[in-house]
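Biologist: I would like to go through this model with you, one question at a time. Could you put it on the screen first?

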Amino acid sequence: MILTTTPTVEGHTITEYKGIVFGEVISGVNFIKDFKASLRDFVGGRSGSYEQELIKARNQAMRELEERAGQLNADAVVGIDVDYEVLGQSGSMLMVSVSGTAVKLQ
């Protein structure tokens, strides 16, 4: 399955549009990661624990998008957009949403 942010796939012709597909993941960030991140904010630097959580959530959302496109018998997903949101009263939930158009290729 080809996954791309571009509206076309070089070297291929889109022969059929199967529809818009989505992948969503909502991930909770636990107390220990919050505490480590707050210490990192205080002294400066990057928060590896949050970065790893973000990478994990994004990869899961992309896999879900790919699975849904596969259920439509698509060859590719074009025009992929990735969005991030923080949810919850304390901002302890991370939502990653990806969307794109499932297509058949020639």
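**Questions about the model**

Biologist: Is Glu64 buried, partly exposed or exposed?

Modeller: Glu64 has a relative accessible area of 22%. Buried means under 20%, exposed means over 50%, and partly exposed is the range in between (1.4 Å probe, protein chains only). With its 22%, Glu64 is therefore partly exposed.

Biologist: Before we go on, what should I know about the way these values were made?

Modeller: This is a predicted model, in which local features need pLDDT of at least 70 and side-chain atom pairs count only at pLDDT 80 or more, while totals for chains, interfaces and linings use all residues. Residues are numbered from 1 along each chain as its sequence is written, and side-chain values use heavy atoms, with hydrogens and water left out.

Biologist: Thanks! In what order do the elements of the protein chain run from the N terminus on?

Modeller: Helices (H or I, at least four residues) and strands (E, at least two) are DSSP runs, numbered from the N terminus. The protein chain has two helices and four strands. Written from the N terminus on, the order is β-β-α-α-β-β.

Biologist: Which strands are the edge strands of the sheet?

Modeller: Two strands pair if DSSP finds at least two bridges between them. The four strands make an open sheet with mixed pairing, in the order E1-E3-E4-E2. E2 and E4 pair in the antiparallel sense over 13 bridges, and Val21 stands opposite Gly100 in E4. The strands that pair on one side only, and so form the edges by the pairing rule, are strand E1 (2-3) and E2.

Biologist: Which residues touch the most other members of the largest nonpolar core?

Modeller: A nonpolar core is a set of buried Ala, Val, Leu, Ile, Met, Phe, Trp, Tyr and Cys residues joined through side-chain atoms within 4.5 Å. The largest one has 13 residues, and the elements giving two or more residues to this core are strand E2 (14-28), helix H2 (48-71), E3 and strand E4 (93-105). Apart from it lies another core of five residues, including Val9 and Val103. In the largest core, the members that touch the most others are Val21, Leu65, Ala69 and Val77.

Biologist: Why is Ser97 classed as buried?

Modeller: Ser97 belongs to strand E4. Contact means heavy atoms within 4.5 Å, and beyond its neighbours within four places in sequence, Ser97 is in contact with Gly23, Glu24, Asp81, Val82 and Asp83. Ser97 counts as buried because its relative accessible area is 17%.

Biologist: How many salt bridges are there by the rule you use?

Modeller: A salt bridge is a side-chain nitrogen of Lys or Arg within 4 Å of a carboxyl oxygen of Asp or Glu. One of them joins Glu16 and Lys18, whose closest N and O atoms are 3.3 Å apart. Both partners are partly exposed, Glu16 at 36% and Lys18 at 28%. The count comes to four.

Biologist: Which residues are linked in a network of salt bridges?

Modeller: The side chains of Glu64 and Arg68 meet at 3.1 Å, N to O, and both lie in helix H2, four residues apart, about one turn of the helix. Arg68 also forms a salt bridge with Glu24 at 3.3 Å, a pair that links distant parts of the chain, with Arg68 in helix H2 and Glu24 in strand E2, 44 residues apart. Arg68 is partly exposed at 33%, as is Glu24 at 35%. The network is made by Glu24, Glu64 and Arg68.

Biologist: Last one: which residues make the nonpolar surface patch of about 230 Å²?

Modeller: Patches are made of residues with over 30% relative accessible area and no salt bridge, with like charges joined within 9 Å and nonpolar side chains (Val, Leu, Ile, Met, Phe, Trp, Tyr) within 5 Å. Leu87, found in strand E3 (residues 76-87), is partly exposed because its relative accessible area is 31%. The nonpolar patch is made by Ile26, Leu87 and Met93.

Note on methods
Accessible areas come from the Shrake-Rupley method with a 1.4 Å probe; for residues, only the protein chains shown count as cover.
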